[in-house]
Amino acid sequence: MTGEALWPYALEIYGRPAAEPLLLELQDAHGQCVPYLLWALWLAASGRSGDLATMGAGAALAQAWQEVAIQPLRERRRGLKARSSGAALKRLNDGVKKLELEAERMLLQMLEDASPGPAGDSRPLAAALTEAATIWGDDPPAPMLAELAAIAER
């Protein structure tokens, strides 16, 4: 992969205090896609158009990749973690976790590759997240999206 800008941004946001548990709650309790939300933040923060067509195409891409790659790996990892009672299973679980992370990185690269170039000023992150979550199809609590936007704005 070359020319990555989204991956370092995603890692930086994910590593901020309170971001990881919030993103995982949005994923596990509200059906959201963490890479898709991070992409929406990046689009807005970098002045790239997050119009309905762009966001819809990104959602379709993310949903397809999640179905074929990310979700099966996540399910396998969680199943191994639940049974992890020895060094061999832990090593296997760690390997599957690395594959899952790589699949998420690949999704972010695909989303970045499909992104329009910068076209103007950044736009409000909370609005971008709300639109992205709505396009994704689930309705997470607005306060959670506002909190994530505030974390990203710091």
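Colleague: Which residues of α4 are buried?

Modeller: This is a predicted model. An α-helix has 3.6 residues a turn, so residues three or four places apart point the same way. In α4 the buried residues are T54, M55, G58, A59, A62, Q66, A69, I70, R74, R77, G79 and L80. They pack against α2 (19–30), α3 (34–45), α5 (87–113) and α6.

Colleague: Where does α4 bend, and by how much?

Modeller: The bend is at Q66 and amounts to about 55 degrees. Q66 is also one of the buried residues of α4.

Colleague: How do I read the packing of two helices?

Modeller: Two packed helices are described by the angle between their axes and the distance between the axes. For α4 (residues 52–83) and α6 (residues 125–136), the angle is about 55 degrees and the axes are 9 Å apart. The two helices are therefore oblique to each other. Their crossing is right-handed.

Colleague: Which residues of α4 and α6 meet?

Modeller: From α4 there are L52, M55, G56, A59, A62, Q63 and Q66, and from α6 there are A132, I135 and W136. Sorted by class, this contact has seven nonpolar, three polar and no charged residues. M55, A59, A62 and Q66 are also among the buried residues of α4.

Colleague: At what angle do α1 and α3 pack?

Modeller: Helix α1 (residues 6–14) packs with α3 at about 105 degrees, the axes being 10 Å apart. The range from 65 to 115 degrees counts as roughly perpendicular, so α1 is roughly perpendicular to α3. On the α1 side the contact uses L6, Y9, A10, I13 and Y14, and on the α3 side V34, L38, W39, L41, W42 and A45. The classes here are eleven nonpolar, no polar and no charged residues.

Colleague: And how does α2 pack with helix α7, in angle and axis distance?

Modeller: Helix α7 (residues 142–153) and α2 make an angle of about 150 degrees, and their axes are 10 Å apart. That makes α2 roughly antiparallel to α7. The crossing is left-handed. Contributing to the contact are A19, L22, L23, E25, L26 and H30 from α2, together with M144, L145, E147, L148 and I151 from α7. By class, these residues divide into eight nonpolar, one polar and two charged.

Colleague: Next, backbone angles. What is the phi of A18?

Modeller: Most residues other than glycine have a negative phi, and most peptide bonds are trans. A18 has a positive phi of about 75 degrees, although A18 is not a glycine. A18 sits in the loop between α1 and α2. Its relative accessibility is 40%, so A18 counts as partly exposed.

Colleague: What does L107 touch, leaving out residues up to four places away in sequence?

Modeller: L107 is in helix α5, and L107 is buried, with a relative accessible area of 0%. The residues that L107 touches are C33, P35, L61, A62, W65 and I70. Of these, A62 and I70 are listed among the buried residues of α4. L107 and Y36 are 71 residues apart in sequence, and their C-alpha atoms are 8.5 Å apart in space.

Colleague: Last, K90. Where is K90, and how far is K90 from R48?

Modeller: K90 is placed in helix α5. At 47% relative accessibility, K90 counts as partly exposed. K90 and R48 are 42 residues apart along the chain, and their C-alpha atoms are separated by 41 Å.

Note on methods: Residues are numbered from 1 along each chain as its sequence is written. This is a predicted model: local features need pLDDT of at least 70, side-chain atom pairs count only at pLDDT 80 or more; totals for chains, interfaces and linings use all residues. Side-chain values use heavy atoms; hydrogens and water are left out. Axes are lines fitted to C-alpha atoms, for helices over the stretch in contact, and angles run from 0 to 180 degrees between N-to-C directions. Helices (H or I, at least four residues) and strands (E, at least two) are DSSP runs, numbered from the N terminus. Angles under 35 degrees count as roughly parallel, over 145 as roughly antiparallel, 65 to 115 as roughly perpendicular and the rest as oblique. A crossing is left-handed if the near helix is turned anticlockwise from the far one by less than a right angle, and right-handed if clockwise. Contact means heavy atoms within 4.5 Å. Ala, Val, Leu, Ile, Met, Phe, Trp, Tyr, Cys and Pro count as nonpolar, Asp, Glu, Lys and Arg as charged, and the others, Gly among them, as polar. The bend at a residue is the angle between axes fitted to the seven residues ending there and the seven starting there. Buried means under 20% relative accessible area, exposed over 50%, partly exposed in between (1.4 Å probe, protein chains only).
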